[in-house]
Every structure is written in C-alpha cells, then in structure tokens.
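Hi,

Here is the structure I promised to pass on.

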Amino acid sequence: MSSDTHSLDALVLALRRLPGVGVKSASRMAYHLLQNDREGAQLLAHALLDASASMRHCERCHTFTQQPVCATCLDPARDATRLCVVESPADQAALERTGAYKGLYFVLLGRISPLDGIGPHEIGIDLLFQRACDGVVQEVILATNFTAEGEATAHVVGEGLRSRGLRVTRLARGVPVGSELEYVDLGTIAHALADRR
Ligand SMILES: [Zn+2]
C-alpha cells in the first residue's frame, strides 16, 4: 500500500466487504466512482452513513425500521393470528412483494448452522417463542429458506412451537430445494404460501 494511493486502497478494501465482491470487482467499482461518478460516490457515502446510523430492528418482529416498532407490526389491517418466520429482512421483503400474505412476521437473526457455531440461542429462538405465545397468534408459518441450514432451522423452531401448543405450517415444496426466498420468483412464493402444510 503506497502512501499516495492510500485512500483508493482503503476504498477497494471497504468495497470487498460486500457479499460476492472480490478484489477485481472492488477495484472496478472504485475506479469507476473516482473516474466517472464523483457525485455517485458522494451519494453512496451519504446513503451508507445515513442508513447505518438510522436503521434499527423492530422491537416486535426484528425487521429493519427507523421507528421502535415497524409499520407492518402497527398495521391494524394485518391478521395478527398468523406469524410468518423468515431468516432475514430481505426474505420478508420477497414475501411482501407477492401480496399473498396478510399476517405478521418474525425475522430470525440468521439460521442455525452448527458448523459456524450458530445454534438456536444465537438466532433468537427464545424471543420468537415469547412473541408466538402472546395468546393472539394461532398459526406460525415457517418460511426459512430451502437450504440445509434453513431446513434445520425450520425443524428446531417447529418442534419448539408445537410443544407450546401452536399450529405450525411450512411453505410448500414449490420453492426449489437449496434456494433462498430472496431470489425466488413471486408466483412460486405465492403458490408455496397458499399450499403450506
Ligand atoms: Zn415489526
């Protein structure tokens, strides 16, 4: 790292923190911003600072929000007897885009992955059990991804909820094995939701 390009090197390093971005792509982005789009670089910097400072997790469902409780949880038109469990705010957004679900959500803090030392406690399973046992929720729909970790998560979460007397359903198998909801088309997700069992 030479001293007269220190800022450029730091920018490339920072961009590499994004998922799927290697050193080549990071360099391409950095050169593009500095050479062709200084205004875009300023916009990006400002948006990053603003979002990372102001976005927090909803106290009830843990999705992203700028308020203590998110708009979905506060919406009186949503069916509070249904709670859909997803792995991430991005998966929740994918389900919302289908327009096929009118219940509430609970966003886990990831997925169970024993190899990475992530167990039930790490994904906030106790918070989910508390939330699901509020006396209003009647059905919990497990919409974790159809990956090995997502299935393991659905299994553990499902067992825990059933033992607490809740009705538990899983998205139907229309969603391809190994896939993440975020990347599945809307029709398929809507179908899987309608066919849950
Ligand atoms: Zn919420």
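**Helix packing**

The axes of helix 2 (residues 23-36) and helix 3 (residues 38-54) cross at roughly 120° and come within 5 Å. Axes here are lines fitted to C-alpha atoms, for helices over the stretch in contact, with angles from 0 to 180 degrees between N-to-C directions. Helices (H or I, at least four residues) and strands (E, at least two) are DSSP runs, numbered from the N terminus.

On the helix 2 side, Leu 33, Leu 34 and Asn 36 meet Arg 38, Gly 40, Ala 41 and Leu 44 of helix 3; contact means heavy atoms within 4.5 Å. That set divides into four nonpolar, two polar and one charged residue (Ala, Val, Leu, Ile, Met, Phe, Trp, Tyr, Cys and Pro count as nonpolar, Asp, Glu, Lys and Arg as charged, and the others, Gly among them, as polar).

Before going further, the ground rules: this is a predicted model, where local features need pLDDT of at least 70 and side-chain atom pairs count only at pLDDT 80 or more, while totals for chains, interfaces and linings use all residues. Residues are numbered from 1 along each chain as its sequence is written, and side-chain values use heavy atoms, with hydrogens and water left out.

The other pair is helix 5 (residues 89-98) with helix 8 (residues 186-194), packed at an angle of about 85° with axes 9 Å apart. Helix 5 and helix 8 are therefore roughly perpendicular to each other. Ala 94, Leu 95, Arg 97 and Thr 98 of helix 5 make the contact with Leu 186, Ile 189, Ala 190 and Leu 193 of helix 8. Sorted by type, these residues are six nonpolar, one polar and one charged.

**Zinc site**

Four cysteines hold the zinc ion through their SG atoms: Cys 58, Cys 61, Cys 70 and Cys 73, at 2.3 to 2.4 Å. Donors are N, O and S atoms within 2.8 Å of the metal (3.2 Å for Na, K and Ca), and water is not among the atoms, so sites may look incomplete. Along the chain the donors follow C-x2-C-x8-C-x2-C. The angles among the four donor atoms are 105 to 116°, and the site is tetrahedral (for four donors, all angles between 85 and 135 degrees).

Cys 58 is buried at 0% relative accessibility, and Cys 61 is buried too, at 1%. Buried means under 20% relative accessible area, exposed over 50%, and partly exposed in between (1.4 Å probe, protein chains only).

**The loop between strands 1 and 2**

His 62 lies in the loop between strand 1 (56-57) and strand 2 (64-65). Its phi is near 70°, a positive value in a residue other than glycine. Most residues other than glycine have a negative phi. His 62 is buried, at 14% relative accessibility. Glu 59 is in that loop as well, but is exposed at 57%. Leaving aside neighbours within four places in sequence, Glu 59 is in contact with Pro 68 and Val 69.

**Arg 196**

Arg 196 sits in the segment after helix 8 and is partly exposed, at 23%. Beyond neighbours within four places in sequence, Arg 196 is in contact with Arg 82, Glu 139, Ile 141, Thr 169, Arg 170, Leu 171 and Ala 172.

Cheers

Terms used
Tetrahedral: all angles 85-135°; square planar, octahedral: opposite > 155°, others 65-115°. Parallel < 35°, antiparallel > 145°, perpendicular 65-115°, else oblique.
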